[in-house]
Every structure is written in C-alpha cells, then in structure tokens.
Amino acid sequence: MKYTKHNFMMSVLGIIIYIIDLIVDIWVSVKFFLEGQYVFGILALSFMLFGTLVVQCFSYSWFKADLKKAGQESQRCLLLLHCLQGGVFTRYWFALKKGYGIAFKYNSKTNNFMEEEIDQHKEVIDRMTDLSMLRLFETYLEGGPQLILQLYILLEHGQANLSQYSAIAVSCCAISCSTVEYQIALRKSLPDKNLLNESGPKFIYLFYKLFTLISWMLSVVLLLFLNVKIALFLLLLLWFLGITWAFKKKTQFCTSISMEFLYRVVVGFILIFTFFNIKGQNTKRPMSYYYIVRVLSTLGILIVFWVFPLSIFSPDYFIPISITIVLTLLLGIIFLIVYYGTFHPTRSEETKCDEIDGKSVQRDCRVRYFLME
C-alpha cells in the first residue's frame, strides 16, 4: 500500500473539483436572487447548506474521535473552523501537506518500506479516503437535489443560461467523479480488497452510476411536472424506506448514537439516487430488488405521461426525453451487469463479503463501515 505522485495529483484534482462545484453553486444561487426567482434561489441555497452542514458535522465528529484515540483533547479551533464551513478545507490542507512529503520522498525509493514508512503511507491514504467519503456525502446531499432543480428549470423553460448549464454539468461531473474516486480510495485503504487500477473497470463503473442516475433524475423531473405533491411523496417514501433499511441492518458507522442516527438518515437519502451496500453482506438480491423497483417506477412515470400528456410538452419535445430516459436506464443496467459480471475486482472471491464495510476487515479504518457499490 503506497501513496504515489499520481495519488497526490488526483487528490489535488479532487479539491479543485470541490472548489469549482462550490463556486458554481453560489453563482447559481446569487443569479436566481438577482433575477427575482426567489423560490429557486432559496431552494438552491438550502440544498447547498444542507449538504455542507451535514458534512461539517461528520468531519468534526471524526476529528474528535481521532484525537480521542490518540489521547489528545479536542481543540476549540477545530470546532470554530467547522462552524465557519472550513472543515473539508482543513482536512485537505493536512492531507495534502502530509501526502506531498510522502509521495515525493519515498516514490523513488525501493518498495521494501520500513514499518514506520508504511504507517505514514497508510495514514495519508486513510485521510484521503475520509475526504473522498465526505465529498461523496456532499455531492449526493447537495448535488442530487440541485441537479433535479436545474433539470426542472431547463425543461420548464426550454432553455437555460450559462450558470444553469454550468450547474448541470458540474453536478453530473461531481457526483460521477466522487463516486468513482471513493470506489478507488476504499479499495486502496482496505487490504482485503483488490485495487481498481485498470481504466476499463473504472469507466464501466462510472457509466453504470452516471446513466442510471440521469435516467432517474429525468423521471423525477417529469413527475414533478405532473404533480409536485406526488413527486415529493414518492421521494419521501423512498427516503423513509432507505432509513428503515439502514436501521434494520443495524449499521455501526459512528461511535455516538446521535451521529449514527444522522448517518442512517444520510444513507436513506443517498439510496434515493443510487444503490450501495451498507453492511458488508452479499448484495446480489437487494441490488436486484432495488433496480427492479427503479425500472418499474421509471416505466410507470413514462406510462402515466403518455396516458395523461401535459400541454407544456409537445410530442416533438416529450419523445426525445422519453427516449433519453429509456436509453440511459438500459445502458446503466447493461454497464452494471458487465461491471459485476466481468470487471468486479472481487467477483472470483466467493467466500468474501461484497464490497462494503467488509466484516472481515480487521483494520481500524472508518471506511470499513461504508463501502459504495
């Protein structure tokens, strides 16, 4: 397990994408207010604040847990930094500072590391994995609703300005990249998992997540046009079912009861958009059920629209949207089958748990309690 120059450059790219995403979100929110679209502005700002507040809570909780484990007292400055929404930037500062020294100091040396050097590489990798996990939380908590909002505005008006196109592109990029980045990071941080090194599996996994996400987002947007109350009821129902599943699985991600409750709420929210394993168990059956429900829900929404067409959508406008939804869902399912049937790094290890916070992992690492499928 080694933290390389390539890993360092990817970490730098990660914070660049994070900053761009943050700037675009602020830009879009301000533009809505300046144009007098106060409802959209408040929604965009609320999504952004919700995501970042939850992430700051997890970040500060992890800082306290790590300091306690090291026998140190929690510092008040850390609490202040997180209250000022600087927790993620603080983590990036420490991780990149440590990672730069490790990557450029040991990269040219032999692979026969001393135990101390191995521990230093492990420390940086774990820090980067924590960051990728936080970014994953934020992109789904903030980027998911933001993407639905921007697609709704785009379809409603038939056109959008530069800020809205930027928000859609950045949200798609952030969600997709953070998901793949976390998949790579968790495999690097867990010794019983094979690394996801080849480009082929990475792109297959990326397309599986991206296409299934786009299809579902467009379906939800169509349902919002049909009836906002029904759409919100469906999303809240899916959120409730996700939270219920997390409680049923008795997740053990956090040390405190309150943070564990928050984690299960976040789990339920992410499950609205995509599937992931939360307990380190075989996921073939629950994943199948999840995407069967996804396919039926999507087809149901399209059928309702064809039976009760809205006047705001002409056939020339609605047919391409329907085709896009069906094609992206079909492609997403195909890439899912190809990834888990051919490219999954642990597909030949029948005795092991699926990639999640694997039960068999004995390392003292947070990621063992949350593995993205």
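Start by selecting Thr 328 and the residues it touches: leaving out anything up to four places away in sequence, these are Phe 211, Thr 212, Ile 214 and Ser 215. Contact here means heavy atoms within 4.5 Å. Before you go on, know that this is a predicted model, where local features need pLDDT of at least 70 and side-chain atom pairs count only at pLDDT 80 or more, while totals for chains, interfaces and linings use all residues. Residues are numbered from 1 along each chain as its sequence is written, and side-chain values use heavy atoms, with hydrogens and water left out.

Back to Thr 328, which lies in helix 11. Helices are DSSP runs (H or I, at least four residues), numbered from the N terminus. Thr 328 counts as buried because its relative accessibility is 9%; buried means under 20% relative accessible area, exposed means over 50%, and partly exposed is in between (1.4 Å probe, protein chains only). Now show the side chain of Thr 328 and look for the backbone oxygen of Ile 325, which that side chain reaches at 3.1 Å.

**Next: along helix 11**

Select residues 315-343 to see the whole of helix 11. Then colour Trp 306, Ile 319, Ile 323, Leu 327, Leu 330, Leu 331 and Ile 334, which form a nonpolar patch on the surface with about 630 Å² of accessible area together. Accessible areas come from the Shrake-Rupley method with a 1.4 Å probe, and for residues only the protein chains shown count as cover. Patches are made of residues with over 30% relative accessible area and no salt bridge; like charges are joined within 9 Å, and nonpolar side chains (Val, Leu, Ile, Met, Phe, Trp, Tyr) within 5 Å. Which helix gives the most to the nonpolar patch? Helix 11 does, with 6 residues. Click on Ile 334 in that helix: with a relative accessible area of 40%, Ile 334 is partly exposed.

**Next: helix 7**

Now select residues 199-226, which make up helix 7. Its 28 residues should span 40 Å at 1.5 Å a residue, and the end C-alpha atoms are 41 Å apart, which agrees. The expected span is 1.5 Å times one less than the number of residues. Helix 7 is mostly covered, with 21 of its 28 residues buried.

Zoom in on Val 220 in this helix. Is Val 220 buried or exposed? It counts as buried, because its relative accessibility is 2%. Apart from neighbours within four places in sequence, Val 220 is in contact with Ile 148 and Leu 235.

Another stop in helix 7 is Lys 209. Lys 209 is buried too, at a relative accessible area of 5%. Its side chain makes a polar contact with the side chain of Tyr 208 at 3.5 Å. A polar contact is a pair of N or O atoms within 3.5 Å; within protein, one must be able to donate a hydrogen and the other to accept it, and residues adjacent in sequence count only if both atoms are side-chain atoms.

**Next: the salt bridges**

How many salt bridges are there? The count comes to 3, where a salt bridge is a side-chain nitrogen of Lys or Arg within 4 Å of a carboxyl oxygen of Asp or Glu.

- Select Lys 31 and Glu 35, whose closest N and O atoms are 4.0 Å apart. Lys 31 is partly exposed at 28%, and Glu 35 is partly exposed at 41%.
- Select Glu 181 and Arg 135, with closest N and O atoms 2.5 Å apart. This pair links distant parts of the chain, 46 residues apart: Glu 181 is in helix 6 (residues 162-189) and Arg 135 in helix 5 (residues 115-157). Glu 181 is partly exposed at 24%, whereas Arg 135 is buried at 4%.
- Select Arg 264 and Glu 260, which meet at 3.5 Å, N to O. They are separated by about one helical turn because they sit 4 residues apart in helix 9 (residues 257-270).

**Last stop: helix 9**

Keep helix 9 selected: 10 of its 14 residues are buried, including Met 259, Tyr 263 and Phe 269.

Conventions:
Helix = DSSP H or I, 4+ residues; strand = E, 2+ residues; numbered from the N terminus.
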